[in-house]
Amino acid sequence: MTIYQGSVTTIVASSAEMAQLILQKHDADMSGRIIPDAITTLEHPSHSMAWLHAGEEWRLIRRVLATFLTNTHKLDSLCELRHGVMVQMVQHVKKYCILGEQRVEIAKLAFTTALNQMSNTCFSTNVDEYNYQDTGGFKNSVANIMETAMIFNVADYFPLLKAFDPQRLRPMANAAYGCLEGLCDKYIYQRLQHRENKSPRHGDLLDSLIDFSEENESDFTLKHIQVLLVELFLAGSETSTNTTEWAMTELILHPDKMTKLRNEIAESVSQKGRIEESELLRLPYLQAVVKETMRLHLAVPFLLPHKTETNVKLKGYEIPKNTQVLVNAWAIARDLDSWENPTKDNIFLIFRLVRGRRMCPGIPLAHRVVSLMIASLVYHFEWKLPHDMNPKEHDMTERFGLTLARAVPLVAVPISL
Ligand code: HEM
């Protein structure tokens with residue numbers, strides 16, 4: 001499908017075959033990005049993995065992330081830290097149970113948990129509290145940036161309007177990014193001070209990034225560190241939150257599946273004495289729940305828009321340079337004709353769709369965080385809808401934005417087990 005909006009031509013791929021051609025065969029020619037006008041006056045895009053042209057600098061940042069965070073060895077070594085954050089989440093929900101019949105908004109719970117697991121990974125500390133309405137903190141800043149990114153900006157499609165910024169989105173984006181950048185800067189400068197004082201190392205991601213920057217001063221600066229940290233909070237919190245919320249929705253609507261999952265987790269806990277991340281990754285039913293959730297509710301339903309870097313011939317179509325390319329993962333995931341064996345192919349679905357050089361570098365981390373959140377919520381609690389609502393009446397409307405959220409947040413009542 002081709003869409004013409006002002007000066008921007010967009011093609012939308014809605015079949016698995018087309019997606020594979022775009023993300024694999026023509027990957028190099030179709031891996032550009034169009035930087036939204038709202039953020040063009042910021043320094044962020046010129047150091048950001050998500051927005052940089054897929055060249056040398058971008059490759060270095062991806063390598064840094066893979067080396068210091070997302071490779072299996074590193075992820076294994078940080079697993080205690082994720083466990084600690086999950087224990088805090090469970091304790092928080094237990095407080096609700098003691099008060100009786102209290103409702104929990106799952107997305108809020110998961111968002112705080114996702115932020116804290118990211119901040120512990122980066123800075124060895126929590127940055128958010130459950131039930132805390134921050135105004136200038138991480139929660140608020142991340143939410144503001146995501147909201148700004150969702151606004152349709154007419155200047156993106158009519159270049160003459162760029163000079164006027166008619167919706168005043170640039171100052172909005174500047175303020176939103178400025179806030180999150182300021183928070184990350186605070187941690188970076190505190191850490192530099194800490195290191196200057198020869199205080200003991202934390203051994204977290206920030207220490208690794210500063211070490212690397214000191215050894216590669218000209219290529220990887222403090223600005224790269226700030227932008228990478230901002231990007232991790234942006235890319236890693238809402239996606240994991242939405243996936244957890246959708247998984248819990250599906251499980252609450254299918255209590256037999258929730259019981260089956262709980263039994264599987266209980267069996268692994270009885271062998272190990274507690275929920276172990278390494279065990280969870282081996283539980284077939286839990287992994288099927290995570291993958292099926294990602295199939296039906298992939299948190300980034302159109303991936304991030306790509307752009308053609310040159311003229312491309314795609315199945316007989318001539319796609320000009322600078323065309324925006326969307327891959328409709330939402331439709332492909334539901335199109336049974338795309339998969340010879342949908343149940344079996346599902347195992348490979350996210351890897352088929354989220355692949356190519358722009359492939360999400362955070363999936364291995366997200367996979368662990370989401371598995372842990374779902375397992376902890378299902379193992380420790382029974383969940384029901386408020387007022388004994390019939391699951392069939394539950395509103396499943398989706399809200400399409402940069403990420404795919406529920407239109408009506410999931411609110412559920414936990415019962416401690
Ligand atoms: C359930 C969780 C997640 C989902 C579904 C998801 C999905 C995606 C998708 C679809 C893309 C775009 C791929 C493309 O343009 O072809 C992407 C890009 C990206 N993701 Fe994720 N993601 C998740 C979690 C994370 C986490 C935890 C991190 C951070 C550690 C992360 C960091 C990024 C970055 C930096 C990019 C841009 C990569 C680039 O352009 O080179 N994501 N993600």
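Reader: How many bridges join β4 to β7, and do they run parallel or antiparallel?

Author: First, the ground rules. This is a predicted model: local features need pLDDT of at least 70, side-chain atom pairs count only at pLDDT 80 or more, and totals for chains, interfaces and linings use all residues. Residues are numbered from 1 along each chain as its sequence is written. Strands are DSSP runs of E with at least two residues, helices are runs of H or I with at least four, and both are numbered from the N terminus. Two strands pair if DSSP finds at least two bridges between them. Here, two bridges join β4 to β7, and the strands run antiparallel. K307 has Q324 in β7 as its bridge partner.

Reader: Which helix packs on that sheet?

Author: Look for contacts, meaning C-beta atoms, placed from the backbone, within 7 Å. Then compare axes: lines fitted to C-alpha atoms, for helices over the stretch in contact, with angles from 0 to 180 degrees between N-to-C directions. Helix α1 (residues 16-25) touches β2 and β7. Its direction makes about 130 degrees with that of β7.

Reader: In what order do the four strands of the open sheet come?

Author: The order is β1-β2-β7-β4, with mixed pairing. β1 and β4 (306-307) are the edge strands, each pairing on one side only. Now take the other pairs. β1 (residues 2-5) and β2 (residues 8-13) are antiparallel, with four bridges. I3 faces T10 in β2.

Reader: What is the order of the open sheet of three strands?

Author: Read β3-β11-β8, with antiparallel pairing. β3 (104-105) and β8 (381-384) each have a single partner strand, so one side of each is left without a neighbour in the sheet. β8 and β11 (residues 411-416) share four bridges. K384 is opposite V413 in β11. Helix α4 (residues 79-99) lies across β3, β8 and β11, at about 85 degrees to β11.

Reader: Which residues come nearest to the ligand?

Author: Start with the shell. A residue is near a molecule if its C-beta atom, placed from the backbone, lies within 6 Å of it. The shell has 25 residues, and A235, G236, C360, G362 and A366 come nearest. Helices α9 (222-253) and α15 (363-380) each supply at least two. α9 gives the most, with seven residues.

Reader: How many shell residues are nonpolar, polar and charged?

Author: Sort by type. Ala, Val, Leu, Ile, Met, Phe, Trp, Tyr, Cys and Pro are nonpolar, Asp, Glu, Lys and Arg are charged, and the others, Gly among them, are polar. The shell divides into 16 nonpolar, seven polar and two charged residues.

Reader: Is T72 buried or exposed?

Author: Count neighbours. With 20 or more other C-beta atoms within 10 Å of its own, a residue is buried; with 12 or fewer it is exposed, and in between partly exposed; C-beta atoms are placed from the backbone. T72 is exposed, with 8 such atoms. T72 sits in helix α3 (residues 72-77). T72 and L365 are 293 residues apart in sequence but 9.1 Å apart in space, C-alpha to C-alpha.

Reader: What share of the protein chain is buried?

Author: Buried residues make up 39% of its 417 residues. The chain holds 15 helices and 11 strands.

Definitions and conventions. Two residues are in contact if their C-beta atoms, placed from the backbone, lie within 7 Å.
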